[in-house]
Every structure is written in structure tokens, then in C-alpha cells.
Amino acid sequence: MLQINNLFATVADKPILKGLSLSINAGEIHAIMGPNGAGKSTLAYTLGGRPGYEVTGGSVTLAGQDLLALAPHERAAAGLFLGFQYPVEIPGVSFVQFLREAANSQRKVRGEEPLSGGEFLKLAREKAALLRMDMDMLKRPVNVGFSGGEKKRAEMVQMGILDPSFAVLDETDSGLDIDALRIVGEGINAIMRKPDKAVLLITHYQRLLDYVKPDFVHVLAGGRIVKSGGPELALQLEEEGYEAVAA
Amino acid sequence: MSELLALPTRKDEAFRYSDLDALAGVWPVAREEILVPSGQSTSLSIVEDTAGAVARHLVIELEAGATFDLRILSFGAAFGRIAVDARLREGASFTLGAAQLGSGAQVLEIVTEVTHEEPNASSRQVIRSVLAGQATGTYLGKVAVARGAVGTDSEQSVRAMLLSRTATANAKPELEIYADDVKCAHGCAVGELDAQGLFYLESRGLTPELAKQLMLQAFIAEAFSGAADEERLQALALARLGELV
């Protein structure tokens with residue numbers, strides 16, 4: 001589903017990704033772990049197409065489509081979802097309005113009929129319930145006044161509504177207490193653990209992986225994947241540290 | 001009166017940023033006088049959507065306990081100037097919510113002078129400008145509090161958003177206070193759309209244009225919040241914002 005081939009990327013002229021390759025098939029969940037500064041968030045933003053993250057080499061395809069040739073909104077319509085480490089607050093724009101516009105913009109690109117107000121609210125209510133989020137919170141301005149944990153749950157509600165085929169979740173577990181971690185983990189499974197979908201989890205810690213069991217674990221260091229393995233690799237990293245395992 | 005009829009010059013502070021050539025074509029500007037009798041409430045919405053040069057001068061007298069709610073949406077004129085003088089007697093309340101949405105070489109300006117003549121009157125002004133191309137948006141707002149006008153409560157909130165490096169925003173909130181025990185707040189900011197917010201919206205599937213339009217709609221919303229015809233003003237503004245992005 002997602003093929004990253006020898007990807008190089010710079011931020012403010014500084015090389016961060018240095019020949020990263022990764023292949024993810026439909027139905028799989030992959031976790032990328034790695035020390036601070038390894039390039040984990042840069043990978044997420046580069047896949048999302050954030051301005052300032054410049055690809056200087058390599059290729060990325062999503063379901064055979066050249067992802068790097070697409071603008072951020074086109075990547076979303078092509079099935080990509082980027083879960084932000086730090087979701088952005090947007091005063092004055094309600095979640096409901098924003099997400100309905102987003103869902104219908106994507107449907108338009110794909111040649112699908114727009115959702116009516118009623119259909120959208122039904123969908124939003126269902127996904128909010130999945131993440132145990134009060135529907136009233138979605139009537140508030142985007143992320144404004146939300147706690148760290150609420151922002152992450154709201155990210156997952158968005159993912160549920162937009163129904164992507166591939167999700168990159170950048171430290172979705174940071175800022176979560178134990179209960180919220182379980183709710184978010186179960187939400188990811190319910191939304192994305194399907195034969196025609198795939199997930200790339202970016203995380204520092206093993207704990208999210210207790211709830212969302214990865215099929216593959218990779219260690220990112222110095223801008224490339226230095227080691228890959230099964231779920232046991234995450235446990236080994238937790239015990240021995242990045243330096244010992246990735247050396 | 002003859003003094004009023006002479007065409008202003010750049011040295012005249014209230015006309016410092018005007019398009020004086022355009023102004024000459026509509027000079028002198030008639031005074032539109034509005035009296036709100038004691039205890040009564042009136043509202044007025046001005047949608048300035050005509051092309052060419054437009055200049056208006058409203059003079060509003062609010063008697064004791066009167067309320068006046070003025071909303072302005074200005075986006076059509078090559079040169080559009082709306083001057084508002086409001087004089088507030090005891091306990092009167094004046095609201096101005098205005099949005100100026102300019103592009104091309106438009107010059108849009110709102111010039112106000114709100115005078116609290118007697119105690120316990122309140123005034124609240126919310127001005128939002130969105131400027132693209134080489135457009136200029138100006139707000140000059142003077143709040144005067146007369147001797148003895150204790151308990152005055154006045155607020156000016158002025159913000160401008162520049163969509164291009166060649167657009168200009170001028171903002172000058174000004175206070176002249178001759179009384180004690182008054183509350184006068186003012187704030188003023190000129191900025192650009194938040195790039196991080198735009199990317200966040202786009203990453204969810206909004207086109208760059210729609211993302212900008214949504215953020216600008218939010219930016220001007222406060223100007224029309226609580227207006228009797230809030231939805232109509234918002235819809236008109238949204239359509240115009242669609243042309244600016």
C-alpha cells in the first residue's frame with residue numbers, strides 16, 4: 001500500500017531523512033520508534049506534504065499513486081491521514097463545520113456525493129462515541145481549550161470520520177493518561193485494523209503497542225531505518241535502549 | 001461651515017490615508033443625522049458593495065439610555081470611506097461591528113469619533129480588515145470621554161489580516177479622557193494567516209482556498225456577532241472572502 005523508496009528530505013536546508021526505505025502492505029500495522037532527532041516527525045510531515053519539508057531524493061507511492069506529486073489536500077483525498085503530535089488550535093472554526101467541509105472536499109475529489117448535514121452529524125456522533133468524546137465538544141472551535149489528551153482523542157474522531165486507507169500517527173500516545181491511552185488504542189483498532197487499511201505508528205514508547213499490536217517494528221536513527229523486526233523488537237528497545245539495539 | 005466644505009489635505013489627520021483624488025469626486029460629504037430618542041433601541045446595517053467612490057458621514061446622537069447597533073460590511077468601492085460620529089448621553093450604548101474586505105487597489109476606511117458626554121455610557125467597536133493585492137484598509141478611531149462622564153465603559157478591538165506583502169493596514173485607536181473612574185480598553189493587531197493552521201486544515205482535505213476562507217471567516221466573525229442580520233452579513237462576507245483567497 002505504502003512504498004517509501006530511498007527517501008531524502010531536508011528542513012531549512014538541513015538533511016534529516018537520509019535514504020529511508022519502508023514498505024507497508026494493506027492490513028498491516030507498523031511502528032517506528034527511535035530517539036529524539038532521528039527524523040520521526042520529519043517523516044510524518046514529509047508524507048503529509050507540509051511546506052518547508054523538502055524532498056531531495058527518493059519516491060513515495062500510496063496505492064501506486066505518486067504521493068510526492070500531490071498537494072496536502074490531494075494526499076488526504078487519496079486516502080492519507082496524518083495524526084498530529086501537536087494538533088493545531090483554530091479559534092472561530094467549529095470542528096463540525098471544519099470536518100464536514102473536509103469530508104465533503106475529499107468526497108468531491110473522489111467523485112462521490114456530498115454528505116448532507118444529517119448524514120454527517122450521524123457519522124460524527126458515532127465516531128465521537130467510539131472515542132468516548134462528548135458531541136458538544138465537536139461544536140466548539142477546533143482544539144481550542146482542549147487538554148492534550150482531548151486533542152489526541154479528537155484526532156482519532158477526525159480519523160474515524162474521514163475514513164482514510166492509510167494513517168500516519170505521530171506520537172498519538174504522548175500526553176495521554178492510562179485510560180485515554182486505552183481508549184485511543186481501541187479507537188485505532190476499530191477504525192484502522194482492517195484488511196484494506198494500514199497504519200504507521202510513530203512512537204517513543206512501548207505502551208501504546210500494548211493496545212495496538214504492530215505487525216512490524218522499525219528503528220529510525222540518523223534519518224534511516226537501521227533495524228526492523230516483529231513486536232518483540234519494541235520490548236527489546238524498551239529494555240535495552242536505542243543505543244544498544246540500533247548499534 | 002465653509003471650512004467643512006474645503007477639500008481636506010494629507011495634513012488633516014482624519015484624511016491622512018484617504019484617496020484624495022477619489023474623495024474630490026464625492027466632496028462635500030453630506031452629514032446623515034440619526035437621533036435615537038431616550039430609552040429606544042435602533043440598529044442599522046450598511047453593506048457597501050457599490051463600485052466607484054463612496055463616502056458617507058453618519059452623525060448619531062444617543063439620548064439617555066438609548067441603544068444603537070451599527071454594522072458595516074465594506075467591500076465594493078474603489079474608494080470607500082465611512083465616517084461615524086456618535087455622541088452618547090447618560091447610560092447610552094453604542095456598538096459598531098465592521099469588516100473591510102479589500103483587494104486590487106481598493107482604499108477602504110472607517111473613521112470614528114465616539115464621545116461619551118455623560119456618565120455610565122458604553123461603546124464597543126470591533127473592526128476587522130482583510131486585505132489582498134495592493135489594497136489599503138484604514139481604521140482611525142477616537143474615543144473621547146468628557147469631564148464628568150464617570151462610569152464610561154469603552155472598548156476598541158482592531159485587527160487586520162494581510163493576504164499579500166503589498167497590502168496595507170493602518171490602525172489608530174485613540175483615547176482622550178477627561179474623567180476619572182472610566183474603563184477604556186483598546187487592542188490592535190496586524191497579522192498574516194497562520195501557516196500551521198492552514199496546513200492542518202489542508203491535511204484534512206480542504207483545498208488551500210477553502211482553508212483560507214474558513215480561517216478568514218472565523219477572523220471576521222466577531223464583527224457581526226450578535227447582529228440582527230448576522231447570518232446575512234456572514235454569508236455576504238463569506239462570498240467576498242472567496243474572491244480574495
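Two strands pair if DSSP finds at least two bridges between them. Strands (E, at least two residues) and helices (H or I, at least four) are DSSP runs, numbered from the N terminus. This is a predicted model: local features need pLDDT of at least 70, side-chain atom pairs count only at pLDDT 80 or more, and totals for chains, interfaces and linings use all residues. Residues are numbered from 1 along each chain as its sequence is written, while chains are lettered from A and ligands numbered from 1 in the order in which they are written.

Start with the sheet in chain A. Leu2(A) stands opposite Leu62(A) in S4(A). Strand S1 (residues 2–11) and strand S4 (residues 53–62) of chain A run antiparallel, joined by 8 bridges. They belong to an open sheet of 4 strands, in the order S2-S1-S4-S5, with antiparallel pairing. Strand S2 (14–24) and strand S5 (65–66) of chain A are its edges, each pairing on one side only.

Now the helices. The axes of H5 (residues 148–162) and H6 (residues 178–192) of chain A come within 10 Å and cross at roughly 10°. Axes are lines fitted to C-alpha atoms, for helices over the stretch in contact, and angles run from 0 to 180 degrees between N-to-C directions. H5(A) and H6(A) are therefore roughly parallel to each other (angles under 35 degrees). Residues are in contact if their C-beta atoms, placed from the backbone, lie within 7 Å. Among those making this contact are Met156(A) of H5(A) and Ile183(A) of H6(A).

Finally, the chains meet. 18 residues of chain B are in contact with 21 residues of chain A. H3(B) gives the most to chain B's side, with 8 residues.

Terms used:
Parallel < 35°, antiparallel > 145°, perpendicular 65-115°, else oblique. Contact = placed C-beta atoms within 7 Å.
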